[in-house]
Amino acid sequence: MYEGLNSPSIHTPHSLQEYGQTAIRYPNVQIWAGGTNIMTRPNAYPSRNTDSEIVYLNNIEELKKVARNDRMIEVGSTVTLGSILKNHGTDIPDILRDNIRSIGSSLFTDRATIGGSIAASNPMTSLPGTLITLGATAEVRTVKKKNVKSKWIPLYLMLNESKDGKMTLPPRSLITRVRISLLSSDYSYFRQEGSYVDDPENTVAVAFTASSSQDTLINPHLAITFPTKGIIYSKDLDNILMQQHFPVSEEEFSQLLQIIYTFINSVTQDITSLQKKRLDNVMEDMVNMINSNVLSPSAIDTL
């Protein structure tokens with residue numbers, strides 16, 4: 001142990017009401033659920049600099065609930081990714097299932113929570129981008145003065161407000177539930193190249209959903225995630241994709257890639273040459289999938 005260690009106080013509320021009381025009393029409280037975010041930071045507990053209050057959420061049963069109907073699934077924020085895959089793998093959209101499987105072994109997914117995956121200031125997984133393409137919303141409880149306000153926020157707004165490719169919650173906020181649409185799309189695509197664990201600097205992940213109308217896309221959503229640099233998502237890029245007519249030629253594909261890199265450069269100009277090569281290959285694979293389905297409409301499959 002460190003000499004002169006500053007040990008934080010650990011609070012263990014058993015309800016959201018108790019959590020609210022603690023958060024009101026301690027403005028700088030840190031949230032602890034699975035611990036995969038805090039414990040990977042340079043000043044993680046134990047540390048000489050650790051003197052803030054910590055709230056441990058796993059005793060709050062309200063945050064462990066999962067409910068679903070024909071249109072959506074609602075997941076409590078402390079439900080682990082491993083639990084979602086094990087107990088609800090047949091219910092969730094294919095790209096979400098593929099995304100969780102790509103993250104790594106159960107050593108990580110059995111601790112990482114869906115709320116923590118979204119709220120982490122640096123992407124711990126590519127999950128937020130995938131959830132954005134699925135139109136997911138999160139219930140966010142925010143402490144304001146001596147009150148706790150609750151509001152449902154689309155995940156893409158948490159990203160766009162930050163302008164740096166990172167998910168950003170309002171100050172003194174907690175994600176309590178996440179709603180994910182179960183409505184099917186004609187196109188559903190997820191692919192990750194590289195490893196978030198072994199080589200995050202060179203990894204890229206792409207998630208995409210859309211419906212189709214002959215040779216055009218309806219409500220397309222494309223999210224590109226670079227682990228150490230952030231998430232690339234924009235409604236403007238979705239609108240550009242909606243204006244494309246498929247199948248696209250090689251020249252049109254090159255022009256589309258140039259447009260995508262314009263959006264990437266507005267967030268980060270530090271992607272590596274390997275990330276660029278991987279992204280080019282993934283985007284070509286995704287566009288080829290759309291092209292082939294437009295040319296053979298009866299063969300449309302969800303990938």
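Q: Why does asparagine 219 count as exposed?
A: In this predicted model, asparagine 219 has a relative accessibility of 52%. Exposed means over 50%, and therefore asparagine 219 counts as exposed.

Q: Which value shows whether glutamine 214 is buried or exposed?
A: The relative accessible area of glutamine 214 is 74%. The cut-off for exposed is over 50%, so glutamine 214 is exposed. Its phi is also positive, at about 55°, although glutamine 214 is not a glycine. Glutamine 214 sits in the loop between strand 10 (204-213) and strand 11 (216-226).

Q: How do you know which kind of peptide bond joins phenylalanine 246 and proline 247?
A: Omega for this bond is about 5°, and the bond is cis. Most peptide bonds are trans. Proline 247 is placed in the loop between helix 8 (235-242) and helix 9 (250-267).

Q: Why are strand 5 and strand 8 said to pair?
A: Pairing requires at least two bridges. Strand 5 (residues 72-76) and strand 8 (residues 173-181) have 5 bridges in the antiparallel sense, so the two strands pair. Across this pairing, glutamate 74 stands opposite arginine 179 of strand 8.

Q: Why are strand 1 and strand 2 called edge strands?
A: An open sheet is formed by 3 strands in the order 1-3-2, with parallel pairing. Strand 1 (10-11) and strand 2 (30-32) each pair on one side only, and this makes them the edge strands.

Q: What makes up the largest nonpolar core?
A: This core has 35 residues, and those with the most contacts inside it are Ile114, Ile118, Leu131, Leu155 and Ile180. Helix 3 gives the most to this core, with 4 residues. A second, separate core has 31 residues, among them Phe226, Phe263, Leu279 and Met283. Members of such a core are buried, which means under 20% relative accessible area.

Q: Which residues does isoleucine 180 touch?
A: Leaving aside residues up to four places away in sequence, isoleucine 180 touches Arg71, Met72, Ile73, Pro93, Leu96, Ile114, Leu131, Leu134 and Ala136. Contact means heavy atoms within 4.5 Å.

Q: How many residues of each class are in the lining of the second largest pocket?
A: The second largest pocket holds about 350 Å³ of space. Of its 21 lining residues, Leu134, Leu183, Ser184, Ser185 and Thr209 are the closest to its centre. By class, the lining has 8 nonpolar, 11 polar and 2 charged residues. Helix 3 (94-103), strand 10 and strand 11 each supply at least two residues of this lining.

Definitions and conventions:
Residues numbered from 1 in each chain as written. Predicted model: local features only at pLDDT ≥ 70, side-chain atom pairs only at ≥ 80, totals over all residues. Heavy atoms only, no water. Buried < 20%, exposed > 50% of the residue type's maximum accessible area, 1.4 Å probe, protein only. 1 Å grid on protein atoms, 1.4 Å probe; cavity = no way out; pocket = protein on both sides within 12 Å on 5 of 7 lines; lining within 4 Å. Points joined across faces, edges and corners; volume = space filled by probe spheres on them. Nonpolar A, V, L, I, M, F, W, Y, C, P; charged D, E, K, R; others polar. Core = buried A, V, L, I, M, F, W, Y, C linked by side-chain atoms within 4.5 Å.
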